[in-house]
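Hello,

Here is the structure you will be working with. My notes on its pockets follow below.

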Amino acid sequence: MKRTHSMKRRPLMIIMLLLAVILVAGCSSNNNSTVKLAYVAWDSEIASTNVVKEVLETKLGVKVEMLQVDAGPMWAGIADGSADAMVAAWLPSTHASYLEKYGKDIEDVGVNLEGTKTGLAVPAYMDINSIDDLKNADVASSLNQTIIGIEPGAGIMTATEKALEAYGLSDYTLLESSSAAMAQELQKAFDKNEPIVVTGWTPHWMFANMDLKYLDDPQNVYGGAEQIHTMARKGLQEDMPDVHKFLSQFKWTAEDMEQVMVKIQGGQSPEEAAKEWVESNEAKVNEWTAGISA
């Protein structure tokens, strides 16, 4: 009887075991999925990418790998599929050349931030208002004929090289550095009330912390107001539909982004600042994750 009883239970145990395996496999597939986010170490993109990472991990339950690269490799990585997505495509002007080169191999998921701007920025105390004013001999001397730039390959660097040519500023040097080094030089000059001109863009914490102004661009080299787009590799929608849906619904404002940037500038880690922002903006995060059951 004992043997018969055991034989009757065996099919049930096998079925339960199979169900357990299927359940574990399902959970594993969801939890172990890794999304690779490419980004450039600009303060704006550090803020947005960390917020996206925080939501993906805490609301969708997927792992995120952040890939810090320059602008060119960021676009190339999405195009060749070595990265899944990025939220840092400044269009239509700043990254126009990258869109032209890689656009056919990338999916434009949508605009995540409206109303960005790029150009040459100076402290408001400087008595100049236009890029044309940089040709003034005294102004040029006070600036050591130098414009403080950021990483080579960034769209704003390409635009500034065009500006130097368009405005007859061939005597100026566009100094390559990094976003952090540029902001540091600007802060040092601002604190000493010294003249300086930098490649600037908004949203950026430096406009919240310092009284700055853009130089007028009568030749419209830098273009008008821009948008930041979210880009994904082709096939992401089929491979990770929830991730794709969230990315397509990720939209915030310049004020939102500046809140995160100011906290990072104030000493919080990007992860801490992103986590705090996400926890404080539940309604907006719920809009981004609407219709996602994960």
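**Pockets**

The largest pocket has a volume of about 240 Å³. A pocket here is an open set of points on a 1 Å grid over the protein atoms alone, where a 1.4 Å probe fits, with protein on both sides within 12 Å along at least five of seven lines. Grid points are joined across faces, edges and corners, and a volume is the space filled by probe spheres set on the points.

This is a predicted model, in which local features need pLDDT of at least 70 and side-chain atom pairs count only at pLDDT 80 or more, while totals for chains, interfaces and linings use all residues. Residues are numbered from 1 along each chain as its sequence is written, and side-chain values use heavy atoms, without hydrogens and water.

Thirteen residues line the largest pocket (an atom within 4 Å of a point). Nearest its centre are Ile148, Glu185, Ala189, Pro195 and Ile196. Strand 5 (146–148) and helix 7 (179–191) each give two or more residues to this lining, and helix 7 has the largest share, three residues. Helices (H or I, at least four residues) and strands (E, at least two) are DSSP runs, numbered from the N terminus. By class, the lining has six nonpolar, three polar and four charged residues.

The second largest pocket has a volume of about 200 Å³. It is lined by 15 residues, with Ser93, Thr94, Gly155, Ala159 and Lys162 closest to its centre. Helix 6 (155–166) gives the most to this lining, five residues, and helix 4 (96–102) supplies at least two.

Regards

How values were computed: Ala, Val, Leu, Ile, Met, Phe, Trp, Tyr, Cys and Pro count as nonpolar, Asp, Glu, Lys and Arg as charged, and the others, Gly among them, as polar.
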